[in-house]
Structure formats: C-alpha cells, structure tokens
Amino acid sequence: MLQTLKECTLCPKNCKTNRLNNNLGVCKSGNNVKISLVSLHQWEEPCISGTKGSGTIFFSNCNLSCVFCQNHFISQESNGKEISIKRLSQIFMEQQQREAHNINLVTPTHYVPQIIEALKLAKQNGLTIPIVYNTNSYENIETLKSLRGYVDIYLPDLKYFSNKYSEKYSNAKDYFKYASLAIKEMVDQIGPPVFDNESGLMKRGVIIRHMMLPGLLFDSKKIVDFIYNTFGNSVYLSIMNQYTPLNKSNLFPEINMPLSKKHYDSLINYCISLGIENAFIQEDGTVNESFIPNFDFKGV
C-alpha cells in the first residue's frame, strides 16, 4: 500500500508526486505522517464523543485550502510533528488505554497508506475500539476502497453543491462530484447505522456533516436534497451552525460574518418538511474561537 505514495493519486488533486522520496504533494505532505494533537474530544456528535471523549488524532496538512478553515495553523501552515508508522500505532493503543470511545482520524486522506499499516500493527496488539474516518470527502474512490475492513464509522463533510463555491472557497474543482461518489462508497462499505443499546454510542455507520456558510441557504438545501433522495434515513445528517469567519475569510466580504440564525432555522425546517428523521443540530453559542483545539502537539 505504501507504494501508492510513489506516484500519489490518493485524492482528486492527482498530483502524482513521488512522496516516497519525501517530495511534498499538493497537500504539503511527504513520506512521513505528521500530526499536531492527540486528545479526548468532547465536542463531536453525542454518539461519537459519549461521556469519555472521542480519541481524536489531528493530522497536519490537507488536500483542500478552505479560506475559512479554523484549523489553518495545522492544515495550511503545516505545523505538526513527524512520526513513524510504529509510533502512530502506539498512539492508537494509548487512546484505547485512556478509555477513548473510538479512534477519530481527523483529516486523514493524505496519510491513508500509513494509517492502514499502523492499524494493522495496533490490531495485532489488541486495538478493538471503533475507527472513525473524519474527512472533508474530497476523496478518490480507490483510496476509500483500500479502507474497507479498517473503518467502522465514516464522518464525512459535504461542504458544497455548486462547483462555483467549492473552487472559490476551497480550491476544490468538482468537489460535489467527488464527494457525493465518495459518500456513496462509504455507505456501501458500512451499511445501516448500529448503536450500542446501553451507551447510545455509534458502533458502525455514516454521519454526513454539513456546515452552513453565510448566504448559501439554497446550496445547503441542494445538499440536503441529495442526501435524503439518495440515502433516505439510512444515514445520519449533522447540520452545523458553528461557522466562524477566520483565516482568509476577511478577503471574502460575503462570508466574513457569522451565519444567520434565520437561515439555519430555515434549513432545519426544510429537513423536517422532507421527512428527515436522523439528524443532529447545534444550539446557539457554537460560534466561538474557544472551541478550536490548542494544537500544542500534546500526546504526539
């Protein structure tokens, strides 16, 4: 699997960089995994965070360039610490020993080959908790197919319907085309959601996240239409109102503001009118920079 890094096509950017020689791809990643924080995260969906927290591992770098990215310190500025595959497998085990409910791989696409090797090692050493693949969904199908049997829960974003917005705000050509196919592959792999009856924690399933952007209510409705028309209530939808104008959003006046509560409520009502039953929504007060993790390389 590591040989796929020799001419990297892990994501739709298909830059074909020889990362085995530690050349940097479009995602600014080379041969070694780079991570910025290992934590027990309390602010995921309730069935992911539970009472003890989700065992998040924040990977540095990204194949998107979202102008509003709240994690730009690691995703675009490449801050983090390079580690070996063996060390990554040890981190998985350490998260399990901390009683994390799951292993939460945050922005993992560009490190999939290394992650698979680390998971093999960790499972040989007794890793049993669910694996969560937390992605922006700008994925190639072949990359996702390689994860079959390793991932229990997919947590994909579905950011945009219109290519106009995906190119403008994330430098992602044909985002919806790739993301929609990717999510179909995820659902095909995982099947219907499965929960632990006692704890309410998700054991298997797909939760599709959509963070609304200011002024894009129509685009958000098109995303909801796709999800419901394609999957019905066989997946969960997480509609997020936590957009915070950060990073380079000041260069785009139309999104350099908090999300309208009226628009968020309108989207929730639209979901109800369609018949969507399995959804998470957020309360007021999530637009706060204090929710952004402190990427201090703790646990690395």
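In the predicted model, Asn 278 has a relative accessibility of 17% and therefore counts as buried, the cut-off being under 20%. This residue belongs to the loop that connects helix H9 (261-274) with strand E10 (279-281). Beyond residues up to four places away in sequence, the contacts of Asn 278 are with Asn 233, Val 235, Tyr 236 and Leu 237. With Asn 233 there is also a polar approach: a polar side-chain atom of Asn 278 lies 2.7 Å from the backbone oxygen of Asn 233.

Buried positions in H4 are Val 112, Pro 113, Gln 114, Ile 115, Ile 116, Ala 118, Leu 119 and Ala 122. The elements covering these buried residues include the strands E1 (33-41), E2 (54-59), E4 (103-106) and E5 (131-135), together with the helices H3 (85-97) and H5 (141-145). After H4 comes Gly 126, which has a positive phi near 105°.

In soluble globular proteins, nonpolar side chains tend to be buried together. The largest nonpolar core of the model contains 72 residues, of which Phe 92, Leu 158 and Tyr 169 touch the most other members. Helix H7 (residues 175-190) supplies the largest share of this core, with 8 residues. Apart from this core lies another, of 9 residues, including Cys 47, Ile 48, Ile 153 and Phe 280.

Key: Residues numbered from 1 in each chain as written. Predicted model: local features only at pLDDT ≥ 70, side-chain atom pairs only at ≥ 80, totals over all residues. Heavy atoms only, no water. Core = buried A, V, L, I, M, F, W, Y, C linked by side-chain atoms within 4.5 Å. Buried < 20%, exposed > 50% of the residue type's maximum accessible area, 1.4 Å probe, protein only. Helix = DSSP H or I, 4+ residues; strand = E, 2+ residues; numbered from the N terminus. Polar contact = N/O pair within 3.5 Å; in protein donor to acceptor, adjacent residues only side chain to side chain. Contact = heavy atoms within 4.5 Å.
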